Amino acid sequence: AETYNRALARARGEFIAILEGDDMWPPYKLAEQTPLLQQDRDAVAVYGRAGIVDEHGQAIGLYLVPQITGTHATTADFLLGRSALQPVTVMLRRAALSQIGGFVQHRGFPAVDLPTWLRLSMIGSFAYHEAVLGLWRAHSRQVTGTHAILPSAVEVASDFFQSLSAAERSRLGVTEGDLRVAHARSLAE
């Protein structure tokens, strides 16, 4: 988070897009996403599908995004594991990131995406675009291959849920029971 936030402090644009060192963008990514954020003022971000490439940049498939309940991913979708998006596909509103204090790191979780998405989703939605908007490189040295991401993600979601007030939980329509069932199901898969 510290590195991401240093970059965010230097950024001057209205929108922020993430490109980590081992990933790639298709040439049309920014042109596809920018108008969506300009038109959908309630969205804090727009994301799409991620292609998977190997160590040499050769296409090997698509990253399967769980089915969301509509055209926008919400806090409930993130909490219940219905939306797991690759950062390489995301474009964010800089003002929304500033509103939540920048990128967020959760103890024991090696990435800033899920903790940040959860906080952002409390102030707006994530608009979904059907196009492949990022290419995620799969290789043996990446953090997601060397760290137990799913159990850590469940912990991030649980901790975030526990931090919400009863009124916020009610507004989201998510109960502790819903969370337990969703997390048990995802850990069993």
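User: Where is L164 found?

Analyst: In the loop between α7 (149-163) and α8 (166-172). Helices here are DSSP runs of H or I with at least four residues, strands are DSSP runs of E with at least two, and both are numbered from the N terminus. Keep in mind that this is a predicted model: local features need pLDDT of at least 70, side-chain atom pairs count only at pLDDT 80 or more, and totals for chains, interfaces and linings use all residues. Residues are numbered from 1 along each chain as its sequence is written, and side-chain values use heavy atoms, with hydrogens and water left out.

User: Which residues is L164 in contact with, leaving aside its neighbours within four places in sequence?

Analyst: Contact means heavy atoms within 4.5 Å. By that test, L164 touches M122, R169 and L172.

User: What makes β2 largely enclosed by the rest of the structure?

Analyst: Ten of its eleven residues are buried, so the rest of the structure largely encloses β2.

User: How do you know which strands β2 pairs with?

Analyst: Two strands pair if DSSP finds at least two bridges between them. Strand β2 (residues 43-53) has four bridges to β3 (residues 59-63), in the antiparallel sense. With β6 (residues 125-137), β2 has nine bridges in the parallel sense. With β5 (residues 91-93), β2 has two bridges and runs antiparallel. So all of these meet the rule of at least two bridges.

User: What are the bridge partners of V46?

Analyst: In β6 the partner of V46 is A127, and in β5 it's M91.

User: What do β2 and β3 form, and how many residues lie between them?

Analyst: They form a hairpin with five residues between them, and G57 in the turn has a positive phi of about 85°.

User: Why is the chain called as compact as a globular protein of that length?

Analyst: First, the contents: nine helices and six strands. The radius of gyration is 16 Å, close to the 16 Å that the globule rule gives for 189 residues, so the chain is as compact as a globular protein of that length. The radius is taken over C-alpha atoms, and the rule is 2.2 Å times the number of residues to the power 0.38.

Conventions. Buried < 20%, exposed > 50% of the residue type's maximum accessible area, 1.4 Å probe, protein only.
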